Amino acid sequence: MPDPWTLRYQGFDPVEEGLREALCAVGNGYVVSRGAAPEAVADGVHYPGTYLAGCYDRAESRVAGRVVANEDLINGPNWLPLTFRPAGGAWFTGPPAEQTLELDLRRGLLTRTALVVDARGRRTRLVQRRFASQARPHLLALESTFTPENWSGPLEVRSGLDGNVANTGVARYRGLTRRHLVPAGQGADGEGLLWLEADAVDSPLRMALCCRTTAAAAEPATECREGWAAHLLTLNGEQGRSVAVTKAVAVHTSRDRAIETPLRASRLLAAEAGDFEQLLAEHVLRWAELWRRCGIDADFDGAGPLHLNLFHLLQTYSEHSVDLDVGIPARGLHGEAYRGHVFWDELFVLRLLNLRFPELARAVLRYRHRRLDAARREAREAGLRGAVYPWQSASDGREESQQLHLNPLSGRWLPDHSHLQRHVGSAVAYNIWQYYQATGDRDFLATAGAETLLEIARFWSSAATYERGRERWSIRGVLGPDEYHDAYPWAARPGLNDNAYTNVLASWVLARAQDALDVLPGYRRDELRERLDLDDAELERWHEIGRRLHVPMHEGVLSQFDGYERLAELDWQAYRFRYPDLRRLDRILEAEGDTVNRYKVSKQADALMLWYLFSAREVRDLLRHLGHPAGHELLRRTTDYYLRRTVHGSTLSSVVHAWVLTRSDRRASWRYFRDALVADLRDSQHGTTAEGVHLGAMAGAVDLLQRCYTGLEVREDALWLDPHLPSALGRLDLDLCYRGHWGLGIAVDRRTVTVSLREDRQEPVRIRLRGTEATVRPGETRRFHL
Ligand code: BGC
């Protein structure tokens, strides 16, 4: 990154192409389109994917002798195709002789500058600019400017829409059904518009694109066949003179609101779209608004990746996502990894959004609330009560985790038990409570939040069984965040008992459910209790379970799950020697005929997640509430113990470790922070970014600056601050939105914390800073010495 607002790639590198396409994607929360070259097709090097939020297709596949069903985020029709040739030459199919890609993060504009030399030595300069409008979410634009360097003559351009696309972006999914879209019509109309319709194969979903091509050229010819519509233009190529072609493409789907048909809506929009500069100007204005709400000023050399991460987050989820009924897909809308599904990763994202874009956080929670009935159904089918959210969620909220997954190292399809990660429900509950704390949005709590929270609490209560002898409640048959362990090596059935993270968090959920009832207005509390048939006896049971869930310990640390101590130690030295990268140790061991279940190794933070979600003091209180006298040492010991055995096979791992090490080892914390910050930029999980960015790590890294190093928490109707700046960070300045108002400024340096409130705010803010309590009033600035 030559400057903090520009991502630049010089030259063409087939090995890095996938990564660049993902990181150069342009989007607006409705649609994201990878930064593939307009002349490229999916050929193993290039992958021109375009994804529309919430557009999934369910299809069956036969693998390993079984029929499995998967719901995939559809790779939509390709709006980009554009190529050219000096008359008589061959169509340019890439790669160019020279190329620079430049992504302007401030303006959301991707510029490609290239030199194309044809077989007869004719050199043409090409500049292509594109964006997905943040002002008009259904509009994408591509402008191509050609400058013949050493020739003159007719210049032919072919600009098209391609509906003959498939989901082929992830090699591991090769054995699965990949066609999710079938062409449903195409053509060109009198007003010079091209159109194309395509239907999802198995889901009732239609997409329609309409393209207006503008150029100083004679009437274009058209080329239409099934799933393809193109304009053929002949321009006047003149040595040293630039000619431009602009393509404005509108896209709608049958999921959209306020339209008659997707095609009609796309026609209207494409027909009225202004010229490229006009469209760009309104788009840039919106980005300026977005950046104003991302005020984080940190004096370190990572501003570039910081902006890049925020940029991709706001391209995936924006104001244009709010009415779409979509969650935050773990891998953005940037590729096909994890099929565009929604995991617990929003836990890492919403903590950031709550204090900047609370309306987006609310939309994500609404997506979950709309699927409460599906979560209730899952619980019922498991023979339990309440609601259990799916580990992977997509269109209707049923469990979308795959039943089988492929180990590319062994070539074997293996049963997948990740749906037993029931902790995802607690993440939803946590997000609801955090959102409420940050915004004070009682209306949301009363209409959707509390109901969801109560049903999640009810699920935990019904999942808990009483263990005689131990005289404790137990939650059996689950998986923790460390999904390497999905069964005891000595057991026939999948699932583990009493995952410490799951149990402590369940206890917290049971307590917050009661708190949520307490803060509701009386009439609403009564209504909800009546509606949910929630009597005093059940609340009493929640209280009892919340205090007496089993929390396993061994060697003075929290056990990841009950019986963890019986697992074997891995011969780390031998494995490190044999394999340069252990991040997919699960696959390595399986390919060797062994299983990761036998060993004390973790993919990512598990028990330590508790200190990621809660302050050390809160964790102590939670454990004491559960009857465990937890001392100060527990965090240090537990961190040391697991850190030595963790391979960081998920980008989320660095975020959590950076957080939990803040107070004990600032240098290590900073190292993990840096890893998380550049996880996608550097493609640290080797090749995975090409299949989609890692939004949890992207947002989580920014949140480390926003909340971890400032010690910023929102709870008990106050803002808590407890800064611990790493030595590489001299100063942090934040501009936040708290409880419905913008203009809360927090500036931290080594010696002081300054809190200011803009005049136009109505309520004062309560601050708790290391034992000090203070109130900051509107228009006031207060400085605290550390
Ligand atoms: C991680 C999960 C995460 C998922 C999606 C997996 O590799 O282990 O914790 O939710 O990726 O990002």
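Helices (H or I, at least four residues) and strands (E, at least two) are DSSP runs, numbered from the N terminus. By that count the chain has 20 helices and 32 strands. Its radius of gyration, taken over C-alpha atoms, is 27 Å. Along its principal axes the C-alpha trace spans about 90 × 70 × 55 Å.

This is a predicted model: local features need pLDDT of at least 70, side-chain atom pairs count only at pLDDT 80 or more, and totals for chains, interfaces and linings use all residues. Residues are numbered from 1 along each chain as its sequence is written, and side-chain values use heavy atoms, with hydrogens and water left out.

**The ligand site**

Which residues are around the ligand? They are Ala330, Tyr338, Phe343, Trp344, Asp345, Trp391, Glu483, Lys603, Gln604, Ser650 and Leu652. Each has a heavy atom within 4 Å of the ligand. This shell divides into 6 nonpolar, 2 polar and 3 charged residues. Here Ala, Val, Leu, Ile, Met, Phe, Trp, Tyr, Cys and Pro count as nonpolar, Asp, Glu, Lys and Arg as charged, and the others, Gly among them, as polar.

The table lists polar contacts, which are pairs of N or O atoms within 3.5 Å. Each runs from an oxygen atom of the ligand to an N or O atom in the side chain named.

| Side chain | Distance to ligand oxygen |
|---|---|
| Tyr338 | 3.1 Å |
| Asp345 | 2.6 Å |
| Glu483 | 3.0 Å |

The protein covers 93% of the 310 Å² of accessible area that the ligand has on its own. Such areas come from the Shrake-Rupley method with a 1.4 Å probe.

**Two open sheets**

Strands of a sheet pair through backbone hydrogen bonds, either parallel or antiparallel. Two strands count as paired if DSSP finds at least two bridges between them.

Axes are lines fitted to C-alpha atoms, and angles run from 0 to 180 degrees between N-to-C directions. Strand 29 (residues 752-757) is joined to strand 32 by 5 bridges. Thr752 stands opposite His785 in strand 32. Arg739 lies in the loop between strand 27 (731-738) and strand 28 (741-749). Its phi is near 50 degrees, a positive value in a residue other than glycine.

Another open sheet has 4 strands in the order 25-26-30-31, and its pairing is mixed. Strand 25 (713-715) and strand 31 (772-776) are the edge strands, each pairing on one side only. Neighbouring strands are turned by 30 degrees against each other on average, direction ignored. Strand 25 pairs with strand 26 (residues 718-721) in the antiparallel sense over 3 bridges. Val714 has Leu719 as its bridge partner in strand 26.

**A hairpin and a cis bond**

Strand 12 (residues 181-188) and strand 13 (residues 193-200) run antiparallel, joined by 7 bridges. They form a hairpin with 4 residues between them. In its turn, Gly192 has a positive phi of about 75 degrees. Pro183 has Ala198 as its bridge partner in strand 13.

The peptide bond from Gly94 to Pro95 is cis, with omega near -10 degrees. Pro95 lies in the loop between strand 6 (82-86) and strand 7 (98-104).

Definitions and conventions. A polar contact is a pair of N or O atoms within 3.5 Å; within protein, one must be able to donate a hydrogen and the other to accept it, and residues adjacent in sequence count only if both atoms are side-chain atoms. The radius of gyration is taken over C-alpha atoms; the globule rule is 2.2 Å times the number of residues to the power 0.38.
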